[in-house]
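Open the model in your viewer and keep the selection tool at hand. This tour goes stop by stop, telling you what to select and what is there.

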Amino acid sequence: MFIRILVRLTQTDTPSQDAPSDVSIREFDVADMRGCVEIAAEVWPDVPETMTVKEIMKLLKAYVADSSAMATWREVACASDEVVGVVFGMIEGDMRPFDRFKMALLRSRIWLGFLLHGRRFALARLSVLAKSALTEMKLARARPDTDAEVTLLLVRSDHRGRGIGRLLMDRFLQEARAKHAEVATVYTTDPGCNWQFYETCGFELVGSFDDTLVSHLQGVDTKALVFAIDLRLKG
Ligand SMILES: CC(C)(COP(=O)(O)OP(=O)(O)OC[C@H]1O[C@@H](n2cnc3c(N)ncnc32)[C@H](O)[C@@H]1OP(=O)(O)O)[C@@H](O)C(=O)NCCC(=O)NCCS
């Protein structure tokens, strides 16, 4: 793991163009959860030997719900009434008293639901939770001080390369700036995610570590990458 101080930005994060004409951006609704999970399943199709497809779907549902539980900003991109992109993010300036406590409760409920799902012996699920906790501990060490965080960003494969990801990201960063956030971060993995996208949005790599959870799920050694952008420098 290494931490690099953020000293410069090589790219701008000025707002990109409007949404493509067939795409609209709106606030996330709980009915959108299914569409978001379907995109997540497309991004992470691998099923480890120790888990059934049903359990993996349950895990993805829990993952998307958890990313939502940590967020104060939730938007989706829709085309023909279908969700084709999603961004969830947390902005410190939007947190109210007790929000952190409520988030912790909600997250515990989500993961307990995952653990206790179905009758099948839960050892594989327990192992996933233990690896997830270990990865979160490593992430807490690798992440710089931050007051805005992208917790989920996905675009459906048939709509990628159309500026939707950038638009969702820009809108989140604009809101974070409006709420006086100074540093925004995002955690992603390699392989498995298009992390280069974050560099085009103006983020810089500030930390990395072995991702215990994703390595286990994908069955290949996977690096966790932590990216950050200094919101005070550009706007
Ligand atoms: C990463 C992701 C959200 C990008 O969404 P997108 O809508 O295709 O991205 P955009 O069309 O808005 O592209 C914005 C910029 O990023 C660049 N970019 C996008 N994907 C890229 C990739 N895989 N490699 C390099 N650059 C990429 C584009 O070239 C574009 O650059 P430009 O502004 O200089 O033209 C999408 O590929 C995705 O959902 N991937 C799977 C999940 C994932 O990797 N999520 C993020 C990490 S967890």
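Two strands pair if DSSP finds at least two bridges between them. Helices (H or I, at least four residues) and strands (E, at least two) are DSSP runs, numbered from the N terminus. Residues are numbered from 1 along each chain as its sequence is written. This is a predicted model: local features need pLDDT of at least 70, side-chain atom pairs count only at pLDDT 80 or more, and totals for chains, interfaces and linings use all residues.

**Stop 1: confidence**

Colour the chain by pLDDT, the predictor's confidence in each residue, from 0 to 100. The chain has a mean of 89, and 91% of its residues reach 70 or more. Now select residues 1–15, where the pLDDT is below 50. Beyond near neighbours in sequence, this stretch has 34 contacts in the model. Two residues are in contact if their C-beta atoms, placed from the backbone, lie within 7 Å.

**Stop 2**

**Stop 3**

Of its 10 residues, 9 are buried, so strand 3 is largely enclosed by the rest of the structure. A residue is buried if 20 or more other C-beta atoms lie within 10 Å of its own, exposed if 12 or fewer, and partly exposed in between; C-beta atoms are placed from the backbone.

Strands 2 and 3 run antiparallel, joined by 7 bridges. Ala 79 has Glu 82 in strand 3 as its bridge partner. The two strands form a hairpin with 2 residues between them.

Pick Phe 88: its bridge partner in strand 4 is Leu 152. Then move on to strand 5 (residues 183–190), which pairs with strand 4 in the parallel sense over 3 bridges. Here Val 150 stands opposite Val 186 in strand 5.

**Stop 2: helices on the sheet**

**Stop 5**

Most residues other than glycine have a negative phi, and most peptide bonds are trans. Which way does the phi of Ser 80 go, positive or negative? Ser 80 has a positive phi of about 50°. It sits in the hairpin turn and is exposed, with 7 other C-beta atoms within 10 Å. Phe 98 also has a positive phi, of about 75°. Find Phe 98 in the loop between strand 3 and helix 3 (99–115). Finally, select Asp 190 and Pro 191: the peptide bond between them is cis, with omega near 0°. Pro 191 is in the loop between strand 5 and helix 6.

**Stop 3: the ligand**

Which residues are closest to the ligand? They are Arg 160, Gly 165, Arg 166, Asn 194 and Gln 196, among 17 that surround it. A residue is near a molecule or strand if its C-beta atom, placed from the backbone, lies within 6 Å of it.
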